[in-house]
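Here is a short briefing to read alongside the model. Start with the view below, then work through the topics in order.

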Amino acid sequence: MNRYLSAPIIISIVLLIAILAGEALVCTSGHGDYSSDVSASGGGLDFNLSGRGSHVFDIVVMDGSEDSPKDVSIYFDPSYAERVEHVNVAVGGRALDQQYYAEQLVSTLTMRGVQNVRIVDAAGLSDLMASPGKGHAVVCISGALPDTVYDGTADSDILEWIGSGGRLYWAGNVIGKYVSTTYGTAEVAGGTSLFLGSECIGDGTKAYDKLGSNGLCDALSLLNNNIRYTVDPSKLPEGASHLETGYSDGTQSSISLVGLGDGFVCIFGGDYSNFQRIDMAQTIASGISPSTVLVDHVHGSVSGNASATAKAGEHAYVFFGGYFAVYGELHGVA
Amino acid sequence: MGSRFLTRWVAVAIVIGIILRFAVGFVFTYNYDVYHWALTISNIEAGNGLYDVAGYYYTPVWGYLLALFSQTYGLLGLDYLGERFAELLFTEDATSIFPHTAFVTSIGFNLALTALIFVFDLVGGYLVYWIVREVFGDEEKARWCFVLWFLFAPVIIVGSGGGMFDSLSALMTLLIIALLIKGREFAAGLMFSAAILLKLFPIFLFFLFIAYIYVRHREDGWMRRVALAGAGSILMLAVLMVPQVLSGNVMDAFSFLLSRATTDDSMFGALEQYGSVIVYSLIIIAEIVLAYKFSRMEHPRPEISLLWFSFIGLTLVFLYPSTPQYLLLLTPFLIIAAICIDPLLRYPVLILMVGTSVFDLSSNVMGLTSLTMYTDIISIDAWTSWYSALQSQAFGITASNWFSIIGGVLQYAAVASALLIVVKRYLSKKSESASQWAS
């Protein structure tokens, strides 16, 4: 063999080229690699789907869902006390604290087509509450709401904001139970009732079955089976608008949505986890609300065209990758 | 590959190795790690790079290769990576040395990964052959070393069953040595950085590599060659870390090293954290002493000495007990030393083969979940009863953890016995030169 091209040299060149090609792919992959164009066709929708690589797709058509929020504000203020429990992570993983959770949620939402995702502090959250909530979403993962928007009474800004159409996505502790200040947290007696109408948080911790009744768990490829801090629907006030999805122990589910005025509260079960974060992003991006009903679910391989049943006013959430989602987009049906 | 390499029985060994690998990949895949590779791929494809969201905890090189891998199987139309099964959720609550997951990767994905790692195993094996042929000039022993590596049970189980890429780590370390032997210090430097950004262990041989360049080129511009190696290493380090520097998450690339013990607040966690720092510090000192000794000895055959001292250096590294896959880095050096230098080392080879296989297979029936959930070969009821049996306890320890303990003890015994043989050999040939010690 040529003295300049011995076996180790050839192997090294091929291997280094492979590594560098992979690095280039890591740097250049993104949301722009995928698309899902939709057009009305008779009594349904036609989709033109395309993407880099090879993926499965899901088209989830829902009635009673919301449009994608105009913006999502994730509350994180390190100067305010939090009320969440420390969780262990996989060996080698970065500690999953509130900041890391919030930062990851921005990326997880953006890849699902959610626009204008930002992190706000306690003052920023208060500013947000000055405008009506319709079309806007707030995520709170601190386990306690800051005293700038919540004082433990029915007059709290955040309750008015939700009532005006805002969407509050909650995780980390019992909703309404704690007020956070820069000095610590204070417990609010009956705080949960302000948000949910009653003291209805269940005692369950984990569920081992998918909630099959409304089909959303499978359709949205939901992951988190922790039900701590979620609603026991039997304890909700009569006539309350609510929806459960995810995993269920027969009483509670891993995701609870409860209506409040023109808006709603959505609670994700358990302490922090990556599955919880992914479910949160999937729930926000898909626009599901307490009155959502699954109309159609189409599953296949991303390669050209697909069609689904839908009518005006409904929404179609398209995502690629199934349980390993790489792209998502919510389409309203005109 | 030359015709001298591919004799009839080497070809037979390759065919047997391929069949075994794909059989293991089809039947037995430990989903916990393989699920994380699928997650890593989806994070990359979603535009989140390697570290923007959780899922990938290693240094970046394997992530880059997964990115390329995803495009390859994508071309073949493999679109379904796996799913989360409610029937297996209960397993995630189990306390086990190897964690369990209800995520089950598809058989297609498992086999695609098997194919990728098979390439590493084969090329790594060829490098073992090339190095032995080049250094010892013995074709027959070179082929034996290849066959032993390629059919070594832990190499097959770790790669095809565990989906772990440690045979690539071994391959890259062998490449560094081959390039040094060929006097290609710049290329060796490039490969060194790529290797330590795959898995850090080759860094323990850093001082030895410098000592080798010094010994080999003492009167032939050794400083210039070291500088060339350093330049190659820095260049590759810079190139491979560009995405992390640009996205501001350089530290995340080393989270596996920096944060692994911070996840456990118990006394065991503290012991792991501080114990590993102390032990690895001592190992680094030992590696420096080893390299210094190498540089001070006479070497009629410095290449033989390099292989022998690399074997000793890596044996020292694994004095700190490790999980089974890491031992793949030591394996080719142990095989070469056993076949070409000291036949007594064949016993540690044998013990390592049994111990590491048992240790790695102790994830038990969790490895059968793909077969259970995607085929009719095993029913979920049968699988659940096997799982329950292996979760039954004796003396407060589950049966599957007993397998881990027995396998782990045997694996450690292999490392310890190899080192004892080295010490015995050193004591009996103390007055002789390094190459005599190593030949």
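How far apart do the C-alpha centres of domain 2 of chain A and domain 3 of chain A lie? The separation is 26 Å. The model is predicted.

**Domains of chain A**

- Chain A splits into domain 1 (1–33), domain 2 (34–65 + 292–334) and domain 3 (68–290).
- Domain 2 of chain A puts 19 residues into its contact with domain 3 of chain A, which puts in 17 residues.
- On the domain 2 side, strand E3 (56–63), strand E15 (293–301), strand E17 (315–320) and strand E18 (327–332) of chain A each give at least two residues.
- E18(A) has the largest share of that side, with 4 residues.
- By type, the residues on the domain 2 side are 10 nonpolar, 7 polar and 2 charged.

**Contact between chains A and B**

- Chain A contributes 49 residues to the contact and chain B contributes 56 residues.
- On the chain A side, helix H1 (7–28), helix H2 (98–110) and strand E11 (209–210) of chain A each supply at least two residues.
- H1(A) provides the largest share of the chain A side, 14 residues.
- The chain A side comprises 25 nonpolar, 20 polar and 4 charged residues.

**Chain B overall**

- Chain B contains 19 helices and 4 strands.
- Its C-alpha atoms occupy a box of roughly 70 × 55 × 50 Å along the principal axes.
- A compact globule of 439 residues would have a radius of gyration near 22 Å, and chain B agrees, at 22 Å.
- Of the 439 residues in chain B, 54% are buried.
- Take the contacts in chain B between residues at least 6 apart in sequence: 75% of them join residues at least 24 apart.

- Helix H4 (residues 107–136) of chain B has 30 residues, which should span 44 Å at 1.5 Å a residue. The end C-alpha atoms of H4(B) are 42 Å apart, in agreement with that expectation.
- H4(B) is largely enclosed by the rest of the structure, because 23 of its 30 residues are buried.
- Just after H4(B) comes Gly137(B), with a positive phi of about 65 degrees.
- The largest nonpolar core has 248 residues. The residues with the most contacts inside this core are Val265(A), Leu127(B), Val128(B), Cys145(B), Ile176(B), Met191(B) and Ala194(B).
- H4(B) supplies the largest share of this core, 17 residues.
- Which residues does Cys145(B) contact, leaving aside its neighbours within four places in sequence? They are Val128(B), Tyr129(B), Val132(B), Ile335(B), Ile336(B) and Ile339(B).

**Helix H6 of chain B**

- Helix H6 (residues 153–161) of chain B is mostly covered, with 8 of its 9 residues buried.
- The buried residues of H6(B) are Pro154(B), Val155(B), Ile156(B), Ile157(B), Val158(B), Gly159(B), Ser160(B) and Gly161(B).
- Their cover includes helix H1 (8–27), H4, helix H5 (139–150), helix H7 (166–181), helix H14 (331–340) and helix H15 (346–361) of chain B.
- Gly163(B) follows H6(B) and has a positive phi, near 65 degrees.

**Loop residues of chain A**

- Asn116(A) is not a glycine, yet has a positive phi of about 55 degrees. Asn116(A) sits in the loop between H2 and strand E5 (117–120) of chain A.
- Is Asn116(A) buried or partly exposed? With 14 other C-beta atoms within 10 Å, Asn116(A) is partly exposed.
- Tyr229(A), also a residue other than glycine, has a positive phi near 75 degrees. Tyr229(A) lies in the loop between helix H6 (216–219) and strand E12 (242–248) of chain A.
- Tyr229(A) is buried, because 25 other C-beta atoms lie within 10 Å.
- Ile201(A) is in the loop between helix H5 (191–196) and E11 of chain A.
- Ile201(A) counts as buried, with 22 C-beta neighbours inside 10 Å.
- Not counting residues up to four places away in sequence, Ile201(A) touches Val174(A), Thr192(A), Tyr229(A) and Val231(A).
- Ile201(A) and Val174(A) are 27 residues apart in sequence, and their C-alpha atoms are 7.3 Å apart in space.

Notes: Residues numbered from 1 in each chain as written. Chains lettered and ligands numbered in written order. Predicted model: local features only at pLDDT ≥ 70, side-chain atom pairs only at ≥ 80, totals over all residues. Domains from an automatic or database assignment. Contact = placed C-beta atoms within 7 Å. Nonpolar A, V, L, I, M, F, W, Y, C, P; charged D, E, K, R; others polar. Rg over C-alpha atoms; globule rule 2.2 N^0.38 Å. Buried ≥ 20, exposed ≤ 12 C-beta atoms within 10 Å, placed from the backbone. Expected span 1.5 Å × (residues − 1). Core = buried A, V, L, I, M, F, W, Y, C linked by C-beta atoms within 7 Å.
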